Amino acid sequence: MLAVVLLTGATVLTLGSADDHGITWDETIHMDYGDAVLDYFLSFGQDDRASAHKDRAYIPGYDLLGAVARRLSPLEAYQSMRALGVVVGLLGAVGAYRLACLLGGSAAGCLALFMLLLTPAYEGQIYSNPKDLPFAVGYIWALYALARAARRWSERRWSDHVLLALGLAAALMTRIAGLLTLAYLLGLWLIYLLQQWRMRG
């Protein structure tokens with residue numbers, strides 16, 4: 001109940017203050033890159049201006065998601081990006097809550113959620129950081145999925161596989177450092193194989 005109250009309050013506050021934030025220096029560049037990547041897919045590779053874009057060195061996962069959101073949203077472009085940032089940021093808060101609950105119980109989950117929502121850097125970057133915040137959100141969900149899989153490795157359900165795939169993909173879609181989550185998965189798999197080897201003598 002406390003977690004629901006905290007998340008509800010955070011949703012109201014972040015959506016209510018979304019229009020109070022200005023445009024960052026590289027936000028327009030990322031939006032243009034996202035449009036170029038989306039046009040590449042919609043044209044089945046015919047429109048390849050994304051390959052010559054100044055941001056082409058970055059993994060365009062969040063930029064592409066933003067381009068889709070802007071085309072589907074009835075809001076103005078920057079308002080759409082603010083709304084998307086709020087949704088992604090709140091998903092990160094839920095991920096932190098779930099991971100802390102898994103490791104330390106519901107009290108730890110509420111404390112983690114409360115402390116994260118009180119962190120100014122996290123709240124401030126929700127609105128216009130297309131790299132660091134989405135990466136943090138993907139990373140926390142990847143860690144949660146890995147921790148949950150480790151708890152019941154030999155009796156995983158299909159939902160565990162789906163969550164693990166989505167978590168790893170979310171971590172990989174914005175920064176190359178997301179590859180670390182694959183290293184964690186490999187380590188988890190090797191530990192499981194070692195346990196099986198020891199159990200079988």
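This is a predicted model: local features need pLDDT of at least 70, side-chain atom pairs count only at pLDDT 80 or more; totals for chains, interfaces and linings use all residues.

Student: What share of the residues counts as buried?

Tutor: 40% of the 201 residues. As for contacts with a separation of 6 or more, 71% come from residues 24 or more positions apart.

Student: Let's take α9. How many residues does α9 have, and how far does it reach?

Tutor: Helix α9 covers residues 179–199, which is 21 residues. From first C-alpha to last, α9 reaches 31 Å, close to the 30 Å expected.

Student: Which residues of α9 are buried?

Tutor: Thr181, Leu188 and Gln196. They sit on the same side of α9, because the arc they cover around the axis is only 75 degrees.

Student: And which residues are exposed on the other side of α9?

Tutor: Trp197 and Arg198 are exposed there.

Student: What covers the buried residues of α9?

Tutor: The cover includes α7 (132–151) and α8 (158–172).

Student: At what angle do α7 and α9 pack?

Tutor: About 5 degrees, with the axes 10 Å apart. That angle is under 35 degrees, so α7 counts as roughly parallel to α9.

Student: Which residues of α7 meet α9?

Tutor: On the α7 side, Tyr139, Ala142, Leu143, Leu146, Ala149 and Ala150. Their partners in α9 are Leu180, Thr181, Tyr184, Leu185 and Leu188.

Student: What comes just after α9?

Tutor: Gly201, with a positive phi of about 80 degrees.

Student: Switching to α4. What caps the N-terminal end of α4?

Tutor: Glu76 does. One of its side-chain oxygens lies 3.1 Å from the backbone nitrogen of Tyr78. Helix α4 itself runs over residues 77–104 and reaches 41 Å, close to the 40 Å expected. Gly105 follows α4, and its phi is positive, near 95 degrees.

Student: Now Lys131. Where is it, and is it buried or exposed?

Tutor: Lys131 lies in the loop between α6 (120–125) and α7. Its relative accessible area is 4%. The cut-off for buried is under 20%, so Lys131 is buried.

Student: What does the side chain of Lys131 reach?

Tutor: The backbone oxygen of Ile59, at 2.8 Å. Beyond residues up to four places away in sequence, Lys131 touches His30, Tyr58, Ile59, Pro60, Asp63, Thr174 and Arg175.

Student: And Gly66, buried or exposed?

Tutor: Buried, at 0% relative accessibility. Gly66 is found in helix α3, residues 61–72. Leaving aside neighbours within four places in sequence, Gly66 is in contact with Met81 and Leu84.

Student: Last one. Which phi does Phe44 have?

Tutor: A positive phi of about 55 degrees, although Phe44 is not a glycine. Phe44 is in the loop between α2 (27–42) and α3. With a relative accessible area of 77%, Phe44 is exposed.

Notes: Residues are numbered from 1 along each chain as its sequence is written. Side-chain values use heavy atoms; hydrogens and water are left out. Helices (H or I, at least four residues) and strands (E, at least two) are DSSP runs, numbered from the N terminus. The expected span of a helix is 1.5 Å times one less than its number of residues. Buried means under 20% relative accessible area, exposed over 50%, partly exposed in between (1.4 Å probe, protein chains only). The arc is that of the directions from the helix axis to the C-beta atoms. Contact means heavy atoms within 4.5 Å. A polar contact is a pair of N or O atoms within 3.5 Å; within protein, one must be able to donate a hydrogen and the other to accept it, and residues adjacent in sequence count only if both atoms are side-chain atoms. Axes are lines fitted to C-alpha atoms, for helices over the stretch in contact, and angles run from 0 to 180 degrees between N-to-C directions. Angles under 35 degrees count as roughly parallel, over 145 as roughly antiparallel, 65 to 115 as roughly perpendicular and the rest as oblique.
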